[in-house]
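Student: I would like to go through some labels used for charged side chains. Please show me the structure, and then I will ask.

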Amino acid sequence: MKTLFSLLSILFISSLSFNSTDSVAPEREATSEWTVLFDGSGTDHWRIYNGDHFPSEVWKVEEDALVMRKNSSHSGSFDLITREKYSNFEFELEWMISEGGNSGIFHHVVEQPGRAIYWSGIEMQIIDSDGFGRDRLSDLQHSGALYDMRAANPQNEKPQGEWNHTKIISDGPKIEYWQNGEKIVEYERWNAEWYEMVRNSKFECQPSFGNAPKGHIGLQDHGDMVKFRNIRIREI
């Protein structure tokens with residue numbers, strides 16, 4: 001199985017095109033100005049995963065936030081993705097999760113009909129650890145973690161009902177996650193350590209997982225209320 005996974009991963013990579021402010025965060029050389037993806041009003045930069053429309057039946061603009069409000073009358077998945085794809089970038093937003101809620105931020109997403117967003121997209125976890133139950137979570141499932149692969153260190157999410165600031169930096173194969181002013185995760189894709197982490201995760205049998213050099217940013221519909229605001233990105 002491991003040999004098959006590695007072979008499929010290599011084949012998937014070869015089929016793709018390789019077009020290649022927090023107080024202590026290092027400065028990157030920007031190749032473009034910040035693009036505001038959500039400023040509290042319009043949703044033009046977003047659409048549903050594997051679709052072309054914005055799912056306004058579950059995602060609402062409330063005050064200055066983009067809010068996920070799914071209920072029992074809504075079936076199916078309503079994950080959001082950016083209309084544009086990004087390779088090397090600095091992405092940031094603020095998020096607030098509901099009590100006991102679960103969500104996530106995806107990056108380098110490749111749309112695949114019939115496949116969920118996490119089939120290819122890498123997830124930075126968002127969860128209310130205390131409300132969900134810390135004893136039910138592993139270190140790989142707390143907010144800020146590279147979901148199911150690398151724990152956030154420190155685990156510095158703010159209590160439920162408070163805004164958290166997140167930054168994701170993608171620079172070639174190198175990825176960094178920042179939360180509330182601290183770097184909490186860093187890793188490099190496509191090396192031996194990366195493929196070992198994949199083989200030891202739930203993504204072992206997903207050959208497209210994490211392999212795209214360029215893809216969409218995604219916001220997860222996990223069925224729980226979550227708010228996002230001040231969303232922006234710039235290429236580096």
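Student: Why is Arg-232 called partly exposed?

Tutor: Buried means under 20% relative accessible area, exposed over 50%, and partly exposed in between (1.4 Å probe, protein chains only). Arg-232 has 25% relative accessibility, so Arg-232 counts as partly exposed. This is a predicted model, in which local features need pLDDT of at least 70 and side-chain atom pairs count only at pLDDT 80 or more, while totals for chains, interfaces and linings use all residues. Residues are numbered from 1 along each chain as its sequence is written, and side-chain values use heavy atoms, with hydrogens and water left out.

Student: Is Glu-92 buried or exposed?

Tutor: Glu-92 has a relative accessible area of 5%, so Glu-92 is buried. Glu-92 and Arg-232 also belong to a network of salt bridges that includes Glu-90, Lys-167 and Arg-234.

Student: Why is Asp-221 called buried?

Tutor: Its relative accessible area is 8%, so Asp-221 is buried. Asp-221 forms a salt bridge with Lys-70 at 3.0 Å, N to O. Lys-70, at 24% relative accessibility, counts as partly exposed.

Student: How many salt bridges are found in the whole structure?

Tutor: The search finds 15.

Definitions and conventions:
Salt bridge = Lys/Arg side-chain N within 4 Å of Asp/Glu carboxyl O.
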